[in-house]
Structures are given as structure tokens and as C-alpha cells.
Amino acid sequence: MTFAQGEGAGIPPPPPQTLATTMSGVLPVIPTATPGPFAGVETEEGAIVYDGPANPSFMPVNGPATTAINPAAATYIAMLPSTNFDNGTGSTVQGSIMISSTAGESGVMVSVNFTGLPSESEYGPFPYHIHTLPVPADGNCSATLGHLDPTDRGEYYPCNVAAPATCQVGDLAGKHGNITMTNFVAQYADPFLSIDPSSPAFFGDKSVVVHTSNTTRITCANFQMMSASSNGTSTNGSTSPSPSVVPYTGSAAKISALGAVGLLAIAAAIL
Ligand SMILES: [Cu+2]
């Protein structure tokens with residue numbers, strides 16, 4: 001956390017590093033084309049930050065994100081915890097992000113309501129994303145790994161807002177704008193997220209992470225299902241939630257898949 005906490009104290013970020021092929025796991029394409037070569041920054045979370053212009057001709061490895069008709073109505077909410085994962089900014093971010101679907105329609109509605117963001121001029125703007133794994137019980141935001149990216153778009157070029165289907169599906173800030181104020185409220189439709197657990201764009205068993213501008217993870221929370229219905233109406237005593245929509249029930253199995261690296265990260269967090 002030294003880099004994260006030092007940022008606000010005037011310590012500069014790490015120097016740019018040339019991308020090595022051993023790091024290509026976060027990049028679908030080795031960046032040699034315009035505007036390369038890569039001159040981004042490797043952060044402590046291992047995410048690549050590239051501050052250059054968007055590339056209008058860039059396409060994810062698996063093609064653009066697609067939309068699909070929702071099989072059910074469902075609402076998920078991620079409530080931020082009462083304490084930050086990283087307190088380097090001295091300001092506790094609170095609030096929630098709610099995502100809901102309507103049966104028979106595609107895409108979701110996203111409602112963001114965050115308060116207590118740190119100073120914009122010091123730490124902002126604040127990106128936020130849906131990350132690949134849920135937050136484990138110890139609250140370690142780093143264990144959520146990278147962004148939900150079923151199209152294998154990678155981290156190189158910034159999201160092109162004019163072509164959101166080519167952005168990472170989980171890159172909410174890229175597609176819909178960063179958080180730029182202390183109390184942030186936003187509502188928008190996202191056509192690419194899915195409430196269908198069989199979809200690679202399913203977010204319901206994943207997490208949201210809020211970052212400072214240097215990608216340090218301030219806080220994070222898991223999505224949990226609030227309600228679900230297979231026919232698009234409210235559930236009642238005679239209607240059980242659709243079995244195709246499952247709430248997040250734990251992260252142990254997924255975390256164990258990380259093997260020694262994940263266990264070391266968890267151990268380090270506990271220590
Ligand atoms: Cu993120």
C-alpha cells in the first residue's frame with residue numbers, strides 16, 4: 001500500500017515500464033501499433049494504465065460485446081463496507097451500486113450512489129469497474145483481480161466511449177464516465193451486462209471496485225441479489241425466484257483456484 005498512500009503525499013507514481021511479453025496475460029494484443037510503444041505504468045495491483053488516446057480501430061480478441069434478451073427480471077446490489085480497503089486518502093467511501101434487469105429486454109439499468117469520495121484534485125477522477133472475482137471474507141479488494149472482460153479486450157487502449165461494445169464489459173467508468181465528485185449519483189443503461197448466470201457477461205457473482213486515479217483500490221463490494229422473477233413481475237408468496245438467477249454464496253472455491261499466489265495474498269492481508 002506504500003504507493004497508494006504515498007500518492008497523496010507527493011510521492012510520484014512508479015516510472016513507466018516497457019511491457020514485457022511475460023505480462024501479456026493482461027493484454028490481448030502486444031501493443032506495437034499506433035500509438036505504441038506501450039508507455040503505461042504497472043501498478044501494485046498489476047493493472048496496466050495507459051493514458052494515451054483511444055484507438056478507434058481496436059477490437060477485442062473475441063469481437064465486440066453482445067447483447068442478449070434477459071431471461072428474467074432481477075436486481076442486484078453491491079453495498080460498500082463501512083471501512084475502506086485502503087485508507088490512504090483519509091476519506092471513507094460509502095454507498096451502493098444497484099443493477100437491475102427487465103425480463104424480455106436486453107441490458108441492465110445501473111444506479112450508482114456513492115458518497116465520501118476523496119479530494120478530486122488530489123486523487124481523482126475515480127474509475128470504478130466490475131471485477132472478475134468476488135471480494136473474499138477478509139475484504140481484500142486486490143483478490144478480485146482484474147476487470148470483467150469476456151471479450152478479452154485487455155487493458156491497453158482506453159475504452160472508446162464512441163464504441164462501448166469494444167470496451168471491457170466491466171469497465172463501467174470507461175463506458176459511462178468516471179466519478180468526479182465527492183457525492184456521486186448516476187443512472188444509466190448498459191446493454192452488455194447480463195443477469196443470466198450462463199452468460200460470460202454475468203456480473204451477479206462478482207464485485208465492484210472503486211479506484212483512485214492511479215488505480216489504487218479504495219473500496220470494493222460484492223453484488224448480492226435483492227430480487228428475481230422469471231416473469232418480470234414482483235415475486236410473491238406463490239412465486240419463487242427463478243432458479244436460473246443465483247445469488248453470490250461464497251468465494252472459497254474460486255479463491256482456491258488461484259493456488260499458492262492467492263493463498264499468499266490472503267495470508268499477507270491477514271498478517
Ligand atoms: Cu477496477
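Predicted model: local features only at pLDDT ≥ 70, side-chain atom pairs only at ≥ 80, totals over all residues.

Residues are numbered from 1 along each chain as its sequence is written, and side-chain values use heavy atoms, with hydrogens and water left out.

**The copper site**

Let's start with the metal. His129 (ND1), His131 (NE2) and His211 (NE2) coordinate the copper ion at 1.9 to 2.0 Å. Donors here are N, O and S atoms within 2.8 Å of the metal (3.2 Å for Na, K and Ca), and since water is not among the atoms, sites may look incomplete. Along the sequence, the donor residues follow the spacing H-x1-H-x79-H. His131 in strand 6 and His211 in strand 8 (residues 207-211) sit 80 residues apart, so this pair links distant parts of the chain. Helices (H or I, at least four residues) and strands (E, at least two) are DSSP runs, numbered from the N terminus.

How buried are these two? His131 has a relative accessible area of 0%, so it is buried, and His211 counts as buried at 4%. The cut-offs are under 20% relative accessible area for buried, over 50% for exposed, and partly exposed in between (1.4 Å probe, protein chains only).

**The disulfides**

Taking a disulfide as a pair of cysteine sulfur atoms within 2.5 Å, the count comes to two. Here they are:

| Disulfide | S to S | S-S torsion | Handedness |
|---|---|---|---|
| Cys141 to Cys220 | 2.0 Å | about -90 degrees | left-handed |
| Cys159 to Cys167 | 2.0 Å | 80 degrees | right-handed |

Number the bonded cysteines in sequence order and the pairing reads 1-4, 2-3. Cys141 is buried at 0% relative accessibility, and Cys220 is buried at 6%.

**Asn160**

Last stop: Asn160, which lies in the loop between strand 6 (128-131) and helix 3 (172-176). Asn160 counts as buried, at 13% relative accessibility. Leaving out residues up to four places away in sequence, Asn160 touches Ala54, Pro56, Arg153, Thr166 and Cys167, where contact means heavy atoms within 4.5 Å. Cys167 in that list is also the disulfide partner of Cys159.
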